[in-house]
Amino acid sequence: MNALTDAGAARRHRLTPEQVPDIVTEQLDADEKAALTARIRELLKAQNATLVAHYYTSPELQEVADATGGYVSDSLDMARFGTECSASTLIVAGVRFMGETAKILNPEKRVLMPDLGAECSLDLGCPPDEFAAFCDQHPDREVVVYANTSAAVKARADWMATSGIALDLVKHLHAEGKKILWAPDRHLGAWVQRETGADILLWDGSCVVHEAFKADGIARLKAEHPDALVLVHPESPAEVVALADFVGSTTGIIKAARELPAQKFIVATDNGIFHKMREAAPEKTFIEAPTGGKGATCVSCAHCPWMAMNGLRSLVGVLERGDNEIFVDPALRERAVQPIQRLLDFARSRRTVVLGNNDA
Ligand code: 13P
Ligand code: SF4
C-alpha cells in the first residue's frame, strides 16, 4: 500500500482543531417540539417536499422524517431514495455532499438543506484542484472517491463508493486487474486495502469524528463488559478496526446490532446512530466507544458537529424561506453524475442490500 508521504501534505489534508466547529445540539421542550413538528408536516405537504435524513441527525429530526413519509438512512441509500421518490422538493438533512449528490442525481428537483454550513472533514480535506493534480500524476489508476466529496472531486472520478459497498466494488476492480487511487479517507481506504489485497494509492484525509476513537479505551471497556460485541465504522483507525467483531456502514452496524447474538454492543461511530439502533433492538444495550474528546471532561464526544447543525428550527426556517438551495453547475453535474450512477448500477447488479428506515 502507498500513501501520500510528504508530511506537509498530510497535515494539509487533515483539519486542525480550529477548523472544526463546536458541537451545538438543538434543545427543545415538548411543546416546542410538537409545534415545530406540526409546522414541518404542514409545510412539507404544501410544498410536495420529502425529508431525507442521515442516521447521524437528531432523534427529533429522524422521527419527523419517519412520521411524514420521508426517509432515514446511510449515504448510499439516501441517494437511491432521492431518485425513487416522487416529491418535487427534497429536503436533505445531513451534510453538504449528501445534498449535492441528491441534486446531481435529480437535477429537475429542488434540493434544500436546513444548514448550508454543514460540511464534512473529508470533503474539506480534498480540494478539487489538488486532487485533480494528484490524479494526473497517476493516470494508470482507476479513481475511486468516497461519497463524502464535492461535486468537483466526483467529476474527476471513475467511481463513487460508500462504506456500504466499498469492499464489493474494490474486489470487483481488483479482479479486473485494476490499480486504484482512493480518496479521501485514508482509514477507510486502508481497511479496503487490507480486506481485498488490491493495489491502492491513498489520499490522506480523515473523519474528525471516527479518527478520535481510542483502541485502548475500547479494550478497557471490553474488559469491563466481556459479553459485549464491538461494532466499528471503517472510517476509524486500524487499531480500532482490529478490535471489531463487525466493521461496516451505518446501515450495516444497525443490522448487526439487531441480528448478532449478543445483548450488549460497544459502538464506534457517531452517536446519532443510537436512535435507530434502539428502535431496531430495544431490548439490547449500546455503549459508546470512548474518544479523546475536545474537553477534559469529555469521555465520548462521538458526534459530528456538522450533522448537529440540522435541527427542527432550521428545518422550519428553510421550508418557510425556501433558501439554502443546492445548485450544481450543469457542466460539472454531467461529469459528476457518471461515477455516482455507475455505483448505483453496480449496487443494483450486485443486489447490494440498501435498506433504510426501520428495515435496517
Ligand atoms: P455511511 O455511508 O455509512 O452512512 O457513512 C457516512 C458518513 O459520513 C460516516 O461518517
Ligand atoms: Fe464527515 Fe465524519 Fe461527519 Fe461523516 S461523521 S459527515 S465523515 S465529518
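**Ligand 1 and its cavity.** I looked up where ligand 1 lies in this predicted model, and found that ligand 1 sits in the largest cavity. I took a cavity as a set of points, on a 1 Å grid over the protein atoms alone, where a 1.4 Å probe fits but cannot get out, and I took a molecule to sit there if more than half of its atoms lie within 2 Å of the grid points.

**Basis.** I noted that local features need pLDDT of at least 70 and side-chain atom pairs pLDDT 80 or more, while totals for chains, interfaces and linings use all residues. Residues are numbered from 1 along each chain as its sequence is written, chains are lettered from A and ligands numbered from 1 in the order in which they are written, and side-chain values use heavy atoms, without hydrogens and water.

**Shell of ligand 1.** I listed the residues around ligand 1 (a heavy atom within 4 Å), among them His-54, Asp-74, Tyr-146, His-210, His-233 and Thr-250. By class, I read two nonpolar, eight polar and two charged residues in this shell.

**Polar contacts.** I then looked for pairs of N or O atoms within 3.5 Å. An oxygen atom of ligand 1 is 2.6 Å from a side-chain N or O atom of Ser-75, and for Ser-163 the corresponding distance is 2.9 Å. For Asn-148, I found a polar side-chain atom 3.1 Å from an oxygen atom of ligand 1. The protein covers 95% of the 300 Å² of accessible area that ligand 1 has on its own (Shrake-Rupley method, 1.4 Å probe).

**Ligand 2.** I saw that the space taken by ligand 2 is also the largest cavity. Its shell has eight nonpolar, two polar and one charged residues, including Val-95, Leu-122, Cys-207, Glu-235 and Trp-306.

**Domains.** I found domain 1 (30-121 + 307-332) and domain 2 (210-288), with bounds from an automatic or database domain assignment. Their C-alpha centres lie 27 Å apart, and the contact (heavy atoms within 4.5 Å) takes 11 residues from domain 1 and 13 residues from domain 2.

Technical notes. On a 1 Å grid over the protein atoms alone, a cavity is a set of points where a 1.4 Å probe fits but cannot get out, and a pocket is an open set with protein on both sides within 12 Å along at least five of seven lines; lining residues have an atom within 4 Å of a point. Ala, Val, Leu, Ile, Met, Phe, Trp, Tyr, Cys and Pro count as nonpolar, Asp, Glu, Lys and Arg as charged, and the others, Gly among them, as polar. A polar contact is a pair of N or O atoms within 3.5 Å; within protein, one must be able to donate a hydrogen and the other to accept it, and residues adjacent in sequence count only if both atoms are side-chain atoms.
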